Amino acid sequence: MARAFLIVMDSVGCGGAPDAAAFGDAGANTLGHIAQACADGRADAGRSGPLHMPVLDGLGLGAAIRLASGMAAPGLGAVPQGRWGAATEVSRGKDTPSGHWELAGVPVPWDWTYFPDTTPAFPPELVAQVCALAGTEGILGNCHASGVPIIAEHCAAHLRTGWPICYTSADSVFQIAAHEEAFGLDRLLKLCADLAPTLHAMKVGRVIARPFTGSCGDFRRTANRKDFAIAPPSDTLLDVVAGAGRATHAVGKIGDIFSMRGIGRLHKGKDDAELFEHLLALAQGAEDGSLTFANFVEFDSLYGHPRDVAGYARALEWFDARAGDLLARLRPGDLAIFTADHGNDPTWRGTDHTRERVPVLCAGAGAGPLGLCAFADVAATVAAHLGVKNPGPGRGLI
């Protein structure tokens with residue numbers, strides 16, 4: 001029986017979203033601009049030369065970028081040997097839950113709540129609740145920020161006072177950073193879990209625990225991050241596949257994004273390298289008729305938000321090589337789809353996600369263009385391949 005592997009390269013957009021201007025992102029193009037920077041010699045730290053992604057380019061990556069944005073990405077232009085297209089999101093957000101839910105067949109039916117880019121960013125009653133739950137007299141941060149800089153700014157005060165570091169971004173999110181030993185990991189996770197219902201009722205998409213260790217001059221964020229996300233408003237692809245009696249596997253933060261709904265087994269790891277080993281093992285041994293849904297977050301967290309172009313290029317090239325290992329393990333009849341949930345152009349201003357179309361690259365379904373499609377079409381395509389009910393409004397592409 002056929003198997004399906006849905007693989008999300010977190011933030012690996014390809015430009016061209018028709019509503020990008022409404023998000024302040026007209027012209028953003030994660031893949032296109034990284035490829036151009038590589039060709040121009042502006043991404044040579046730890047690598048050199050044009051962006052080298054022969055496996056995904058062979059499936060149609062360069063063609064998908066051209067279709068999405070009209071940009072010819074230097075170094076990417078192979079004749080596609082897979083099915084390829086570019087998907088457009090309809091949900092009114094450029095965030096992780098919106099992108100993943102819609103890829104799984106459920107466009108977001110509401111407007112998310114975003115905190116203003118002011119200091120303070122959070123309403124006094126929310127701050128008071130955080131303090132009451134944390135048992136502290138105040139919080140640190142209370143603004144829009146990127147994770148590493150705000151920890152560096154407030155680390156000493158955090159260790160001195162015990163106050164949690166709270167911050168947000170252009171996404172619908174409330175993030176809390178705290179030291180695993182000084183504040184306590186279990187205490188941080190409980191704080192986020194207890195706070196989540198209030199924020200979910202406000203239609204804030206996620207509360208994220210951001211633990212770190214080490215000294216203020218040499219701290220590091222750990223793999224114990226946990227997202228407390230709003231549950232999807234209706235059945236997703238995972239629910240439908242599980243409801244049909246099939247095995248479902250979640251790799252990485254998929255479990256958090258979908259509140260563990262429809263997930264049979266969760267496979268976690270300390271980094272993307274470890275997560276890919278899980279994916280390879282599932283390609284080798286996942287059950288007939290199963291769905292494996294994977295997220296690789298480090299493109300976004302380590303390179304997109306910090307605006308590290310060379311680091312992002314290195315990660316793409318590493319991932320492409322591992323994708324070749326994955327394709328070699330697929331069985332006849334398997335379908336593997338590589339896509340993304342939003343953009344995060346490391347050449348763009350600021351530190352936030354960018355509104356973009358995303359590539360849709362299919363291995364195991366012949367060759368040819370899929371054209372411009374919808375995020376929800378990905379779910380419909382996987383559902384058709386597995387012979388289960390389509391969970392949402394999408395149409396099968398193959």
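User: What does buried mean when one reads strand β13?

Analyst: Buried means under 20% relative accessible area, whereas exposed means over 50% and partly exposed lies in between, using a 1.4 Å probe and protein chains only. This is a predicted model, in which local features need pLDDT of at least 70, side-chain atom pairs count only at pLDDT 80 or more, and totals for chains, interfaces and linings use all residues. Residues are numbered from 1 along each chain as its sequence is written, and side-chain values use heavy atoms, with hydrogens and water left out. Strand β13 (residues 358-363) is mostly covered, since six of its six residues are buried.

User: Which residues of β13 lie on one side and which on the other?

Analyst: In a regular strand the side chains alternate between the two faces of the sheet. Here Val358, Val360 and Cys362 are buried on one side of β13, and Pro359, Leu361 and Ala363 are buried on the other.

User: How many bridges join β2 to β13, and how many join β12 to β13?

Analyst: Two strands pair if DSSP finds at least two bridges between them. Strand β2 (residues 83-88) runs antiparallel to β13 and is joined to it by five bridges, with Val358 as the partner of Ala87. Strand β12 (residues 335-339) is also antiparallel to β13, with three bridges, and there Phe338 has Leu361 as its partner.

User: Is Thr96 buried or exposed?

Analyst: Thr96, which lies in helix α4 (residues 96-103), is buried, with a relative accessible area of 1%. Leaving aside neighbours within four places in sequence, Thr96 is in contact (heavy atoms within 4.5 Å) with residues including Asp10, Arg206 and His353.

Terms used
Helices (H or I, at least four residues) and strands (E, at least two) are DSSP runs, numbered from the N terminus.
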